[in-house]
Amino acid sequence: MTINEIQDSVIDEFSAFDDWMDKYALLIDLGNSLPVLDEKYKTESNLIEGCQSRVWLQADYVDGKIIFKGDSDAVIVKGIVSLLIKVLSEHTPQEILDADLYFIERIGLKEHLSPTRSNGLVAMVKQMRLYAVAFRAKEKEEA
């Protein structure tokens, strides 16, 4: 699936609910379904700067694609991490860099987050894009 196809499925999933309490419940469920992040990845270097909660993001480059893993100590934030991983993981660095993450706006996530959580969301996306930049540079070196 393309990044946009995944985003569209996320939008469909969230549009099934009118009430934001139900959408938060869905976010929490998504966070709870995130595979457990191995303790060896819960390091300072994987900690996202700019998040009020503790958020760890691990990126591995496998067969030309970036595989993201993550975790957070806050349930809603863990759900946000899960959404970002669902949308961006297993894509090439270029696909991630070219992606317009319109699902964040369309599901109303940004307007329903506190300013600090909103800043954290921006920091997570920025970090994922930085990984993509680094892996793309590595691809060019190896080419």
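Author: Helices (H or I, at least four residues) and strands (E, at least two) are DSSP runs, numbered from the N terminus. The model is predicted, so that local features need pLDDT of at least 70 and side-chain atom pairs count only at pLDDT 80 or more, while totals for chains, interfaces and linings use all residues. Residues are numbered from 1 along each chain as its sequence is written, and side-chain values use heavy atoms, with hydrogens and water left out.

The helices are α3 (residues 75-88) and α6 (residues 115-142), whose axes come within 11 Å and cross at roughly 30°. Axes are lines fitted to C-alpha atoms, for helices over the stretch in contact, and angles run from 0 to 180 degrees between N-to-C directions. α3 and α6 are therefore roughly parallel to each other (angles under 35 degrees). On the α3 side, the contact (heavy atoms within 4.5 Å) is made by Ile-76, Val-77, Ile-80, Val-81, Leu-84, Ile-85 and Leu-88. α6 contributes Arg-117, Leu-121, Met-124, Val-125 and Met-128. By class, the contact residues are 11 nonpolar, no polar and 1 charged. Here Ala, Val, Leu, Ile, Met, Phe, Trp, Tyr, Cys and Pro count as nonpolar, Asp, Glu, Lys and Arg as charged, and the others, Gly among them, as polar.

On a 1 Å grid over the protein atoms alone, a cavity is a set of points where a 1.4 Å probe fits but cannot get out, and lining residues have an atom within 4 Å of a point. Grid points are joined across faces, edges and corners, and a volume is the space filled by probe spheres set on the points. The whole structure has 2 cavities of 30 Å³ or more.

The largest cavity holds about 60 Å³. Val-77, Arg-117 and Met-124 are among its lining residues, as are Cys-51, Gln-52 and Ser-53. α6 provides the largest share of this lining, 4 residues. The lining of the largest cavity has 3 nonpolar, 4 polar and 1 charged residues.

The second largest cavity has about 40 Å³. Its lining includes Val-81, Leu-84, Ile-85, Met-124 and Met-128, along with Trp-56. At least two lining residues come from each of β1 (55-62), α3 and α6. By class, the lining of the second largest cavity is 9 nonpolar, no polar and no charged.

How values were computed
Parallel < 35°, antiparallel > 145°, perpendicular 65-115°, else oblique. 1 Å grid on protein atoms, 1.4 Å probe; cavity = no way out; pocket = protein on both sides within 12 Å on 5 of 7 lines; lining within 4 Å.
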